[in-house]
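Biologist: Could you take me through a few local features of this model? I'd like to start with a hairpin.

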Amino acid sequence: MTANAPSLIGDATLARYLGSDFEGEVLFDAFSRGRYSTDASIYQIEPLGVVVPKSENDIKRTMAAARGAGVAVLPRGGGTSQCGQTVGAALVMDVSRHLNKVLEFDAEAQTVWVEPGVVLDQLNEFLKPHGLWFPVDVSTASRATIGGMAGNNSCGARSLKYGPMRDNVIAIDALLADGSSMHFGVLPTELDEAGFEPKHRELVDGLIELGRREADEINERFPKLMRRVGGYNIDALVPSNKPVNLAHLLVGSEGTLAYSKRIKLKLSVIPKHKVLGICHFPSFYQAMDAAQHLVKLGPVAVELIDSTMIELSRDIPLFRPTMDKAVRGDPDALLLVEFAGDDEAKLLTQLQALVDRMADLGFPGGVVEVTDRAFQKEVWDVRKSGLNIMMSMKSEGKPISFIEDCAVELTDLAEYTDRLARIFHKHGTTGTWYAHASVGCLHVRPVLNLRQEMDVRKMRAVAEEAFSMVREYKGSHSGEHGDGLVRSEFHEAMFGTRMVNNFGEVKAALDPDNLMNPGKIVNPSKMDDRNLFRYKPGYRIGMPETVLDWSDWGGFSGAVEMCNNNGACRKSDAGVMCPSFRVTGEERHLTRGRANTLRLAISGQLGVDAFTSDGMFEAMQLCVSCKGCKRECPTGVDMARMKIEFLYHHTKRHGLKLRERLIAYLPRYAPVASRIGALLNLRDRVPGLPQLSEKLLGFSANRPLPVWHSKPFRGAAEPGAGEAGTNGREVVLWVDTFNIYHEPENARAALKVLRAAGYTVHVPGPADGGRPVCCGRTFFSAGLIDQAKAEAARLIAVLGPFAERGVPIVGLEPSCVLSLRDDLTAMVDKDAMGAIAGQTALFEEFLANEHDAGHLNLALRANGFDKVLLHGHCHQKAHDVMGAVEKALGLVPGLDIEIIPSSCCGMAGAFGYQAETYDMSVRMGEAGVLPAVRKADAATIIVADGTSCRHQIKDGAQRTAVHVAQVLHRALVVS
């Protein structure tokens, strides 16, 4: 790099280089650079700046700017590299947000041209209606971009059948470092027919000559394994009976040779049927030894899950039910063996052959046979989350990625893993093991704490001993995840000096000025240079004393650092996480982006007081506290709770605006406000008042405010409250502020349903007859923790005695009820709140549990409606209670229930009312729930248990959604 490189950091200089017509985003602030300084590896290197290009012209301008300033460029997709490929002191080009289109598709030829930023899952969703898929099915398919996969030469679980990226990339149209475009594909026999311009012809001639010259050396040095992704694929240049495909040289080059503008892929037919055998082994060694025998049965995948992953998965709510069904007893290892094809009978025969082979190997009854596709998917979802599951260890030491994908022949696998385990033991540690037993490539991670110099030395020693052993077996030290910063250093030991010089020759030919992602593959740094680590020497946490209890994570910093940057939050499936990113596509609006920003702020890397700064507030602003990450992030990152902690400190420093105070203190003034509700409701009836309220208070003029009901719920004064029931069982109906003053019809319906089922329904209030008790959510959502604690104390005083007697406590609003089981336990006395939490359930949960226990006697009829379209509140999904909603609705005879597969509705409490976030709220709703509701016919009942969800549906789709309590009330035989 030239001496003037730092001058690029500055808007004026950058504008001059990029040009005023640059279409994308230019991010040179400290917060943005910090968010792009890490990937899923152990490294952290701050980039010079970040651009998010919208077009090929933006890419060209960026690379021209880099050449002009003499700085490097680094193409980046999902940022999930485990070896540090996508971090560096360079100008980062994030292609994932805009350059993610399918360009040309030929179903008959089974090929497709794509831009580099297209995500694998989204590509396969596009291909699925045509019966095709791109079969390099990496575990990070929900966020892995095709450009990143090509740069990495990714492989996936089914490479045994389909091969790595190299076998599935046909051609690449690339932009070279000098700014010229060049087609990389199959070369004709006569090069003159290729039509290269002179300088490109000279380049190609040199590459072909290198292949001829080094053919013997390549044949001698390159491992004879499919899983060999180390170095450059210069074996593709060796003359053979197959034509040379130059695209294969770019595959696996990690963005160090050229920028891939367009990539042509070979597609495969989706197999019609799949069966899965889950093979159980009493010892890890036996599983490794068995792999070579099971592969002979013709499976498409044989994947390992070790005992550590089994136990950690059982501790994760998202995966516990799957593991309970899939695992018998306490095996030391599992092998997932999948057969796929169009002949189902043949697959079932193969599955039986697997059962027989396991018996022959000494493991009779050792196979759980899975033919149900939904259950197969659940099992594979656990396997795909392997890295994040392993990283969910709540300890200083983590499974570290540096020898994680060495590959050996299957016949050597058992001995190799046994010897490797002994190396770990020798250095005082253990390892985690999972993944591709079918091809002798396991993801092996020793547990180390890289904040300690001693463990860094252990990492070096383990790496050197492991790679030495791999050489003995003529294996590959880099079998899937590439080289990056962590393995490039070892190329000379693995391939020899002459081969490393060949790699350097290729690099110099395509990138003579070393502008393309330098320091990877060629001329690398030391893998254990701590100055390049995420946790560098001197890393310290410095922040005010926390207000919430973070002891389960070892402190607030421990909770933040649970994010390993693997990017599961970038997914776009039917789950919840992460609503803001799904809409904006911006790293700062991603759970990972927020966690990184918090980590950098509390460790002083973003400047003084960064934790309570405007930049930190901007990063947290669009977090809607959906709790999706709490459940769907395999490492359990709970950004919603982190936001509460942040808002407490931010509010202490900056105070609150009037709007935030009005929202926070709603439970305290609601009894008075309801008396003048008719006057307050004029806000949305008198022209001009919505605009005035937006100007004065910040409530969006486009959003009607909740209507104050003329007849609030009267608690114990309601008819039937407290009267003796017929079944001898008691229940407490705790009604939240929203259902008391805005939608009391829900509380009345719930009361009548519980009474009809024979329960004695207590609706308790404070002993002094004061206002109703509240969970405090409006307070802690604004950072007012002291006030939230005061509300919780009132709630404990009222509900505690019932909880002590074992009386169930039932509530209606998911965000309020589930707060008692979640965030409030981190604010107040755990024993007192824990006792209440243990007795608390949502209305539908209570009914479902009573039904399952045989206690529910509720007479219901069809009552003229036969279909329900159900939208789940984010917290219902996060706490896995959607099944209870379905079960409660299923009590109505003949009712057809359809769940909307959506993320957050976008309302999220006050979020949808704020003028500055109203548009974002609508965009979130339009991403899922609103279009689905609009498609429903008029006879379909729309059900949403969250008050915010009902408001979003009413405002955005002009349909009235109802609480499940109202559906059951309408269906009562006697109401």
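Modeller: Strand 5 and strand 6 form a hairpin with 4 residues between them, and Gln110 in the turn has a positive phi of about 60°. Strands here are DSSP runs of E with at least two residues, and helices are runs of H or I with at least four residues, both numbered from the N terminus. This is a predicted model, in which local features need pLDDT of at least 70 and side-chain atom pairs count only at pLDDT 80 or more, while totals for chains, interfaces and linings use all residues. Residues are numbered from 1 along each chain as its sequence is written, and side-chain values use heavy atoms, with hydrogens and water left out.

Biologist: In what sense do strand 5 and strand 6 pair, and over how many bridges?

Modeller: Strand 5 (residues 102-106) and strand 6 pair in the antiparallel sense over 4 bridges, where pairing requires that DSSP finds at least two bridges between two strands. Val102 has Val114 in strand 6 as its bridge partner.

Biologist: And which residue in strand 10 stands opposite Thr111?

Modeller: That is Lys266; strand 6 and strand 10 (residues 259-266) also pair in the antiparallel sense, over 4 bridges.

Biologist: Are the residues of strand 6 buried or exposed?

Modeller: Thr111 and Trp113 point one way from strand 6 (residues 111-114), Val112 and Val114 point the other way, and all are buried, with buried meaning under 20% relative accessible area, exposed over 50% and partly exposed in between (1.4 Å probe, protein chains only).

Biologist: Switching to helices, how do helix 37 and helix 39 cross?

Modeller: The axes of helix 37 (residues 843-852) and helix 39 (residues 882-889) come within 8 Å and cross at roughly 70°, the axes being lines fitted to C-alpha atoms over the stretch in contact, with angles from 0 to 180 degrees between N-to-C directions. Helix 37 and helix 39 are therefore roughly perpendicular, a label for angles of 65 to 115 degrees (under 35 is roughly parallel, over 145 roughly antiparallel and the rest oblique).

Biologist: Which residues meet there?

Modeller: Glu844, Glu845, Ala848 and Asp852 in helix 37 meet Ala884, Val885, Lys887 and Ala888 in helix 39, where contact means heavy atoms within 4.5 Å.

Biologist: Last topic: where is Asn863?

Modeller: Asn863 is in the loop between helix 37 and strand 23 (867-871), and has a positive phi of about 60° although it is not a glycine. Asn863 counts as partly exposed because its relative accessibility is 32%.
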